[in-house]
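Morning, everyone. I have one structure to walk through today. Please have a look at it before I start.

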Amino acid sequence: QVQLVESGGGLVQPGGSLRLSCAASGSIFSTNAMAWYRQAPGKQREFVAVITSGGTTNYVDSVKGRFTISTDNAKNTVYLQMNSLRPEDTAVYYCNANIKVRSYSPVSSYWGQGTQVTVSS
């Protein structure tokens, strides 16, 4: 069984910063990629950022230059450093990981429970 646990959300003023963390635990053979998604009230969940096992990153255009995704592979943890936050960044942020639990297992997608980020003065 694999669990993803996010932390680091909260209330921040426009222009402020937050750092989200997501730790994967359980039976993990390998992690192909880890990503962050977000869902604002009344909207569909959208992709924010991804980092592959090789370190390649990609971001949605609206956060480029403001957000940075990184990993600590030894800890199976992914981070999202969010700077210059805007009210439109307000959403529940979800961690996603593509994981193999055994060498012969297919890659499966796992989700965290989400952490609220609110940007407001």
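How many bridges join β7 to β8? The answer is 6, and the two strands run antiparallel. Keep in mind that this is a predicted model.

Let me give one pair from there. Take T68. Its bridge partner is Q81, in β8.

Now the sheet around that pair. It is an open sheet of 4 strands. The order reads β1-β3-β8-β7, and the pairing is antiparallel. At the edges stand β1 and β7. Each has a single partner strand, so one side of each has no neighbour in the sheet. From one strand to the next, the twist averages 15°.

Next, the core. The largest nonpolar core holds 28 residues. Which of them have the most contacts inside it? Those are W36, L80, M82 and Y93. Several strands each supply at least two core residues, among them β1, β3, β7 and β8. So do β4, β5, β9 and β11. The largest share comes from β9, with 5 residues.

Last stop, R38. This arginine sits in strand β4. Is R38 buried or exposed? Its relative accessibility is 6%, and buried means under 20%, so R38 counts as buried.

What do its side-chain atoms reach? There is a polar contact of 3.0 Å between the side chains of R38 and D89. Another polar contact, also 3.0 Å, links the R38 side chain to that of Y93.

Conventions
Residues are numbered from 1 along each chain as its sequence is written. This is a predicted model: local features need pLDDT of at least 70, side-chain atom pairs count only at pLDDT 80 or more; totals for chains, interfaces and linings use all residues. Side-chain values use heavy atoms; hydrogens and water are left out. A nonpolar core is a set of buried Ala, Val, Leu, Ile, Met, Phe, Trp, Tyr and Cys residues joined through side-chain atoms within 4.5 Å. Buried means under 20% relative accessible area, exposed over 50%, partly exposed in between (1.4 Å probe, protein chains only). A polar contact is a pair of N or O atoms within 3.5 Å; within protein, one must be able to donate a hydrogen and the other to accept it, and residues adjacent in sequence count only if both atoms are side-chain atoms. Two strands pair if DSSP finds at least two bridges between them. Axes are lines fitted to C-alpha atoms, for helices over the stretch in contact, and angles run from 0 to 180 degrees between N-to-C directions.
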